[in-house]
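Work through the exercises below with the sequence and the coordinates open side by side. Each task is followed by a solution that goes step by step.

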Amino acid sequence: MEVHTSRTRRPSAWLRRYGAEPPAAEATLVCLPHAGGAPTFFRDWPELMSPRVDVLAVCYPGRQDRFHEPPVTGMAELADAVATALVPLADRPLAVFGHSMGAAVGYEAARLLRARHGIELSYLFVSAMVAPHRLRRRSRHLLSDAELTAELLAQGGTDAGVLADDELRALVLPAVRADYRLIETYRHDAGAEPLDTPVVAYHGLQDPAVTGAAVQEWRRHTRGTAEARSFPGGHFYLREARRALTADLRERLLASARPLTRPAGAAPGRAACTGNEPR
């Protein structure tokens, strides 16, 4: 069953939870979909996580029950709305996982959370996305419907059956085109102060657009720890690797939620979480 956030945590039109809020949750993970994506992409993640992690997903305007809202085509507007929706969730360790376009949105929302609300994420998980300063100008949002459909089929992130149906394709393409415009016109602020949030950058080993060297450059955008992790697969590697990926996320989130054990008199600090490279 799909529900919005519970009464104990202020509801938002931007957030979806699949199932009940875990009563013993110690950390919150908010997932941001790719261009053209919907929160249902993460529908099974709560079952793959621990009941100690509350998993929510963002629903962008222009899809699912927000279909009649115009899609957002500017990064500043989208990141601002997402950051505002996350503020009430910061009563316990809060992390963001963004895939592809969602990674850039998550990064910009993290910057706003710190600058406007003094909130530092426990983790920023970025997936299948180069570092913000490496994004190059593209024009896929100007493709014809047929060309845009071919692009989606090549990436493999959209149900081929949906794209083969004239009516369903007509419903999907406007949101995809708007998202492509958003990410392709986004420009990173070269003077932006690095985050203090730990960053983990995930990617598929067979993704031609996002290499291991490219994700390593996320290190430039945080003073916290930064890691690059890889899994077999292409741009949507997380479909096949979702169990291994969510296990890695779960381990990190629960470690960040545990109280630090220090010798008496030791100065407080952030615990660094490490893990073995997935095989």
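A crossing of two helices is called left-handed if the near helix is turned anticlockwise from the far one by less than a right angle, and right-handed if clockwise. The model is predicted, so local features need pLDDT of at least 70 and side-chain atom pairs count only at pLDDT 80 or more, while totals for chains, interfaces and linings use all residues. Residues are numbered from 1 along each chain as its sequence is written, and side-chain values use heavy atoms, with hydrogens and water left out.

**Exercise 1.** Describe how helix 2 packs on helix 3.

Helices here are DSSP runs (H or I, at least four residues) numbered from the N terminus. Start with the axes, which are lines fitted to C-alpha atoms over the stretch in contact, with angles from 0 to 180 degrees between N-to-C directions: those of helix 2 (residues 75–86) and helix 3 (residues 101–117) come within 8 Å and cross at roughly 65°. The crossing is right-handed. The contact (heavy atoms within 4.5 Å) involves, among others, L78, V82 and L86 of helix 2 and M101, V105 and L112 of helix 3.

**Exercise 2.** Determine where helix 3 sits relative to the rest of the structure.

Of its 17 residues, 14 are buried (under 20% relative accessible area), so helix 3 is largely enclosed by the rest of the structure. Just after helix 3, G118 takes a positive phi of about 65°.

**Exercise 3.** Find the residues with the most contacts inside the largest nonpolar core.

Such a core joins buried Ala, Val, Leu, Ile, Met, Phe, Trp, Tyr and Cys residues through side-chain atoms within 4.5 Å. The largest has 53 residues, and L78, V82, L86 and W218 have the most contacts inside it. Helix 3 gives the most to this core, with nine residues.

Key. Helices (H or I, at least four residues) and strands (E, at least two) are DSSP runs, numbered from the N terminus. Buried means under 20% relative accessible area, exposed over 50%, partly exposed in between (1.4 Å probe, protein chains only).
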